[in-house]
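The sequence and the model are shown first, and the description follows.

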Amino acid sequence: MTNVTLVTGFFLVGFSDIQELQIVYGVLFLVIYLAILMSNLLIITLTTRDLQLQTPMYFFLKNLSFLDVFLVSVPIPNFIVNSLTNSNSISTLGCAFQLLLMTSFSAGEVFVLTAMSYDRYVAICCPLHYEVIMNGGACVLMAGVSWAIGGLFGALYTAGTFFMPFCGSNVIPQFFCDVSSLLRISCSETRLVVYTSIGIGMCLGMSCFICIVISYVYIFSTVLKIPTTKGQSKAFSTCFPHLIVFTLFIITACFVYLKPSSNPPTVIDRLLSVIYTVVPPVLNPVIYSLRNKDMKRALMRLVHKTCGQESHSL
């Protein structure tokens, strides 16, 4: 019988073994993290306080911003602290929670993006029935289902991964706990649960992707019937970025979560992990909100209201 040493903790490898570079990376990620927080919290504030933004589209935008904030708040602060303190260790429980939360928020974001595409489909293709179909109860139900399915999938995925014992090397060549690295150091021959959850995730992701593509096929066919080019360009400028961000998120997420465990980690692996973790939360506010005229007007109203209150207090 071969002696094995069970792993009780892990070491997360950053982007460099040189401490000075690790500090630079930590500061860089801190700046990016603060920018993500500020932009998404601004969207949450505007869509909550401004009465003219109480529509289904901005309701889903608010949910997307919450998911973005939660998603980046799981791995990045831990990486920042590790980089600045030169400590890369993480407990098994901490690694499990990190995987659970990241998987749950990622899956929830995919479903919210799908709900947003359906909202745009109803608004453009069925405008006369929009208020009836996308009523408050339907929006809350769709958002609740998105969060719930994301949580259930994250729990199943994490349970399947950490049901297996780990032995041998405890080094994870990423800045967060990823499944491919955990499978690589697993000493279990039975991986039915984790592979089943991976299959479920692939089916759910492809289903959402197909739903979004079908929605936009109908949207584009309707937009092309608009007589004015101004109306067409406005609709296309909203649709294409949504598809780009969703496709980028799906591809990088599949790479992070579904990459075969036999592949050795490379610089590309880490780069795609950064793109998956950081880029969507950065782009979402720019694409969906900060370029939106309604959001800009709401921001101006908030600024004027805040400045007015400060002048009265003085």
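**Overall fold**

The structure is a predicted model. Its protein chain contains eleven helices and three strands. Taken in order along the sequence, these elements give the pattern β-α-α-α-β-α-α-α-β-α-α-α-α-α. The protein chain has 314 residues, of which 45% are buried. Among contacts in the protein chain with a separation of 6 or more, 80% are between residues 24 or more positions apart.

**The sheet and helix α4**

The three strands make up an open sheet with mixed pairing, and their order is β2-β1-β3. Strands β2 (89–91) and β3 are the edge strands, since each pairs on one side only. Helix α4 packs on this sheet and touches β1, β2 and β3. The direction of α4 makes about 85 degrees with that of β2. Strand β1 (residues 9–12) and strand β3 run parallel and are joined by two bridges. Phenylalanine 11 has valine 171 of β3 opposite it.

Strand β2 includes isoleucine 90. Isoleucine 90 has a relative accessible area of 12% and is buried. Which residues does isoleucine 90 contact, leaving aside its neighbours within four places in sequence? They are Gly9, Phe10, Leu12, Cys95, Gln98 and Cys177.

**Helix α3**

Helix α3 spans residues 76–85, and its buried residues are Ile76, Phe79, Ile80, Asn82 and Ser83. These residues lie on the same side of α3, because they cover an arc of only 170 degrees around the axis. In general, an α-helix has 3.6 residues a turn, so residues three or four places apart point the same way. Asparagine 86 follows α3 and has a positive phi, near 55 degrees.

**Salt bridges and the disulfide**

The whole structure holds two salt bridges. It also holds one disulfide. The table lists these pairs with their distances.

| Pair | Type | Distance |
|---|---|---|
| Aspartate 50 and arginine 301 | Salt bridge | 3.0 Å, N to O |
| Aspartate 119 and arginine 120 | Salt bridge | 2.9 Å, N to O |
| Cysteine 95 and cysteine 177 | Disulfide | 2.1 Å, between sulfur atoms |

The side chains of aspartate 50 and arginine 301 meet in a salt bridge. Aspartate 50 belongs to the loop between α1 (19–49) and α2 (56–73), whereas arginine 301 belongs to helix α11 (residues 293–313), so this pair ties together parts that are 251 residues apart in sequence. Aspartate 50 is buried, at a relative accessible area of 10%. Arginine 301 is partly exposed, with 31% relative accessibility. In the salt bridge with arginine 120, aspartate 119 is buried, and its relative accessible area is 1%.

The disulfide is formed by cysteine 95 and cysteine 177. Cysteine 95 is located in helix α4 (residues 92–125) and cysteine 177 in the loop between β3 (171–172) and α7 (179–184), so the bond ties together parts that are 82 residues apart in sequence. The torsion about the S-S bond is about -140 degrees, and the disulfide is therefore left-handed. Cysteine 95 and cysteine 177 are both buried, and both are contacts of isoleucine 90.

Other cysteines can be described as well. Is cysteine 208 buried or exposed? Cysteine 208 is buried, with 4% relative accessibility. The closest cysteine sulfur to that of cysteine 208 belongs to cysteine 211, and at 6.4 Å it is too far for a bond. Cysteine 203 is exposed, at 52% relative accessibility.

**Aspartate 294 in helix α11**

Helix α11 also contains aspartate 294. Aspartate 294 is partly exposed, its relative accessible area being 36%. Apart from neighbours within four places in sequence, aspartate 294 is in contact with Leu53, Tyr58 and Arg301. Of these contacts, Arg301 is the residue whose side chain meets that of aspartate 50 in a salt bridge. Aspartate 294 and leucine 53 are 241 residues apart along the chain, and their C-alpha atoms are separated by 7.6 Å.

Conventions. Residues are numbered from 1 along each chain as its sequence is written. This is a predicted model: local features need pLDDT of at least 70, side-chain atom pairs count only at pLDDT 80 or more; totals for chains, interfaces and linings use all residues. Side-chain values use heavy atoms; hydrogens and water are left out. Buried means under 20% relative accessible area, exposed over 50%, partly exposed in between (1.4 Å probe, protein chains only). Helices (H or I, at least four residues) and strands (E, at least two) are DSSP runs, numbered from the N terminus. The arc is that of the directions from the helix axis to the C-beta atoms. A salt bridge is a side-chain nitrogen of Lys or Arg within 4 Å of a carboxyl oxygen of Asp or Glu. A disulfide is a pair of cysteine sulfur atoms within 2.5 Å. Two strands pair if DSSP finds at least two bridges between them. Contact means heavy atoms within 4.5 Å. Axes are lines fitted to C-alpha atoms, for helices over the stretch in contact, and angles run from 0 to 180 degrees between N-to-C directions.
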